[in-house]
Each structure stands twice: as structure tokens, then as C-alpha cells.
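Biologist: I would like to learn how to read the helices and the core of a model. Please show me the structure and take one feature at a time.

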Amino acid sequence: MSEQEGRREYLHRELEERLSSLASSRGWYRRRHYVAQMSTVVLSAIITIATGLKSSFLSTAAGSNLVLVLAASVTVLSAWGAFFSPRDFWLLSAETYGRLRALKAKLEFLERDKDFSQSESKVVEEAFGEYQEILDAYNKKWQELRQKSK
């Protein structure tokens with residue numbers, strides 16, 4: 001096994017591991033975003049309906065307390081969404097995932113060239129440089145999002 005083959009295999013393994021991790025993160029953040037959004041919408045709708053009903057239950061202390069608890073829940077969910085920014089992290093993960101998939105496809109395409117063995121070292125170096133640029137951009141944006149939410 002030559003040194004270039006080892007570097008190429010390393011790059012492929014790194015790409016696969018990072019893609020797997022990003023796919024998981026993308027799904028986790030997407031679910032958190034939708035749960036927070038839909039919970040806020042549903043609770044707000046329940047509050048609107050409950051306060052609009054002319055029911056004897058709502059004129060009691062229990063009814064007022066229920067509406068108060070629901071409204072507080074909406075506030076907490078909204079603050080959670082603003083602080084943790086699941087939508088921003090979902091989109092960042094999805095963007096980086098797409099860029100890495102494109103790099104993987106490009107690398108696999110170049111590897112199928114009949115003269116690949118002659119240019120392998122250069123192709124792998126350039127691909128690794130692009131891989132590092134993608135990760136650097138991801139890390140920079142991730143840090144910016146963390147700073148924004150403090």
C-alpha cells in the first residue's frame with residue numbers, strides 16, 4: 001500500500017465519519033426546531049380558544065390559572081428556541097453536509113479517471129485542503145451562532 005493510497009483512504013474515512021455525524025445533527029436540530037415551533041403554535045391556539053370561550057370554567061380561578069400556565073409555557077418555549085437556535089444549527093449542518101457530499105462526489109469522480117494514478121497525490125492534497133476549508137467554515141459559523149445566543 002503506497003502512502004498516497006493511505007492518505008486517500010484516510011480522507012474517505014474522514015468524509016464518511018463527518019457526513020454521518022452531520023446527518024445525525026441535522027436530524028436532531030430539525031426535530032427540535034419543529035417541536036418547539038409547533039408546540040408554541042398549538043399552545044397559543046389553545047390559549048386563544050380558551051380565552052375566547054364564554055365558559056363558566058374560565059371564569060373560575062382554575063381556568064385563569066390554566067391560561068396563565070399555558071401562556072408561561074409559550075414564553076419558555078420561545079426563549080428556548082431563541083437561545084439554542086435549533087433552526088440555525090439545523091441549516092448550518094445541512095449546508096455543511098451538502099458541501100461535504102459534493103466534495104465526496106468530486107473525489108470519487110476524479111478517482112475514476114483512467115490517468116488518476118498519475119495525479120492521485122495532487123488530487124488528494126487538493127481535496128483534503130477543500131475538506132479543511134469546509135470544516136473551518138463550519139466551525140467559524142458554529143462559534144458565531146454560539147456567541148449570538150449568549
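**Helix length, burial and core**

Modeller: This is a predicted model. Take helix α4, residues 116-148: at 1.5 Å a residue its 33 residues should span 48 Å, and its end C-alpha atoms are 45 Å apart, so the two values agree.

Biologist: Where is the kink in α4 centred?

Modeller: The kink is centred on Lys122 and amounts to about 35°.

Biologist: How do I read which way the residues of a helix point?

Modeller: An α-helix has 3.6 residues a turn, so residues three or four places apart point the same way. In α4 the buried residues include Phe116, Glu120, Val123, Val124, Ala127, Tyr131, Ile134, Leu135 and Tyr138. Leu145 is also buried.

Biologist: Which residues have the most contacts inside the largest nonpolar core?

Modeller: In soluble globular proteins, nonpolar side chains tend to be buried together. Here the largest nonpolar core has 19 residues, and those with the most contacts inside it are Leu11, Leu15, Leu100, Leu103, Leu107, Ala127 and Tyr131. At least two residues of this core come from each of α1, α3 (86-111) and α4. The largest share, 8 residues, is supplied by α4.

Biologist: What is Leu107 in contact with, leaving aside its neighbours within four places in sequence?

Modeller: Leu107 contacts Leu11, His12, Leu15, Val123 and Ala127. A second, separate core has 6 residues, among them Ile47, Ala50, Val67 and Val74.

Key:
Residues are numbered from 1 along each chain as its sequence is written. This is a predicted model: local features need pLDDT of at least 70, side-chain atom pairs count only at pLDDT 80 or more; totals for chains, interfaces and linings use all residues. Side-chain values use heavy atoms; hydrogens and water are left out. Helices (H or I, at least four residues) and strands (E, at least two) are DSSP runs, numbered from the N terminus. The expected span of a helix is 1.5 Å times one less than its number of residues. The bend at a residue is the angle between axes fitted to the seven residues ending there and the seven starting there. Buried means under 20% relative accessible area, exposed over 50%, partly exposed in between (1.4 Å probe, protein chains only). A nonpolar core is a set of buried Ala, Val, Leu, Ile, Met, Phe, Trp, Tyr and Cys residues joined through side-chain atoms within 4.5 Å. Contact means heavy atoms within 4.5 Å.
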